[in-house]
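I set out here what I looked up in this structure, entry by entry.

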Amino acid sequence: MSKSAIIIGATSGIGKALAEVLAGQGYRLGLTGRRLPLLEEIKESLATEVFIEQMDVSDVAETEEKFKTLIEQMGPIDLVIISAGVGHLNPKLESALEIETIQTNVSGFVVIADAAFLHFQAQGKGHLVGISSIAALRGSALAPAYSASKAFVSNYMEGLRLKALKAKLDIAVTDVRPGFVDTPMAQGEGLFWVAPAGKAAAQIWQAIKAKKACVYITRRWRLIAWLMRMMPASVLKKL
Ligand SMILES: NC(=O)c1ccc[n+]([C@@H]2O[C@H](COP(=O)([O-])OP(=O)(O)OC[C@H]3O[C@@H](n4cnc5c(N)ncnc54)[C@H](OP(=O)(O)O)[C@@H]3O)[C@@H](O)[C@H]2O)c1
């Protein structure tokens, strides 16, 4: 029987590219996002069974409800990927942007991650994948809420991974940390090593197959991660 996956935030960028990769691997797909016409378009374009659910993850009550409905329609889910996120550069610290980031990247993430984990626990197995960021590693002067939200995502996934290990549950949790990927979100100056979304999705698929705990996308960003961790604040403030 075909495997089933849900991708939260599949209307564009990395989520959409992952939908294409998983369709190619024969997965049945549940795809979500706020833009219904894009979901319908993607459903038409993929040669697999696709369920769609319009969902704004910043509305946590509605998201929890709609996620459950999607699972009821699809049956047991093998893989849940949370790609939905916003990434505002916010040099003026506009609170609306910071709050939107927290509601989407933190609250929206938690409601899906927990519902997915509980679904996997009930059925005895499953795989949760969250798209965090290299930005999780240090604070950002330009996008403080974004980097903090991604630190939350990575740390939360480590918590869920430990929870599964302690309880000896067959649940894998993969923390995906992209550098720059060529999507509508990648904005601002000074971008480098920008990977096409298809290449990023292909490497994420390899990490999913290997049930990796944590992966940098593309692979060379592991080097930047190492540099970021070592960098003293005196150097960080000059970037
Ligand atoms: N691109 C990069 O360089 C980069 C680097 C590191 C990490 N990331 C992470 O990768 C993930 C995917 O981003 P991307 O680069 O693929 O950007 P993108 O093309 O802008 O895609 C973002 C996706 O998130 C969905 N989304 C945003 N807000 C949502 C909300 N409130 N409710 C439901 N869905 C929502 C969007 O769908 P709708 O608009 O239809 O709702 C869209 O499908 C994000 O978590 C991002 O932080 C990206």
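Entry on the loops. I located Leu93 in the loop between strand S4 (79–82) and H4. I noted that the model is a predicted one. I then checked the backbone of Leu93 and found a positive phi of about 50 degrees, although Leu93 is not a glycine. I next looked up the peptide bond from Ile217 to Thr218, which is cis, with omega near -10 degrees. Thr218 I placed in the loop that runs between strand S9 (214–217) and helix H7 (221–230).

Entry on the ligand shell. How many residues surround the ligand? I recorded 30, and the closest are Thr11, Ser12, Arg34, Tyr146 and Thr183.

Entry on polar atoms at the ligand. I noted a polar side-chain atom of Thr11 at 2.7 Å from an oxygen atom of the ligand. For Val57, I found a polar backbone atom 2.8 Å from a nitrogen atom of the ligand. For Ser83, I found a backbone N or O atom 2.9 Å from a ligand oxygen atom. I then looked up the cover: on its own the ligand has 880 Å² of accessible area, and the protein covers 95% of this.

Entry on helix packing. At what angle do helix H3 (residues 60–74) and helix H4 (residues 95–123) pack? I recorded about 35 degrees, with the axes of H3 and H4 10 Å apart. From H3, I listed Val60, Thr63, Glu64, Phe67 and Ile71 as making the contact. From H4, I listed Ser107, Gly108, Val111, Ile112, Ala115, Ala116 and His119. By class, I recorded seven nonpolar, four polar and one charged residues in the contact of H3 with H4.

Notes: Residues numbered from 1 in each chain as written. Predicted model: local features only at pLDDT ≥ 70, side-chain atom pairs only at ≥ 80, totals over all residues. Heavy atoms only, no water. Axes fitted to C-alpha atoms, helices over the stretch in contact; angles between N-to-C directions. Helix = DSSP H or I, 4+ residues; strand = E, 2+ residues; numbered from the N terminus. Contact = heavy atoms within 4.5 Å. Nonpolar A, V, L, I, M, F, W, Y, C, P; charged D, E, K, R; others polar. Near = heavy atom within 4 Å. Polar contact = N/O pair within 3.5 Å; in protein donor to acceptor, adjacent residues only side chain to side chain. Areas by Shrake-Rupley, 256 points an atom, 1.4 Å probe, with all protein chains shown as cover.
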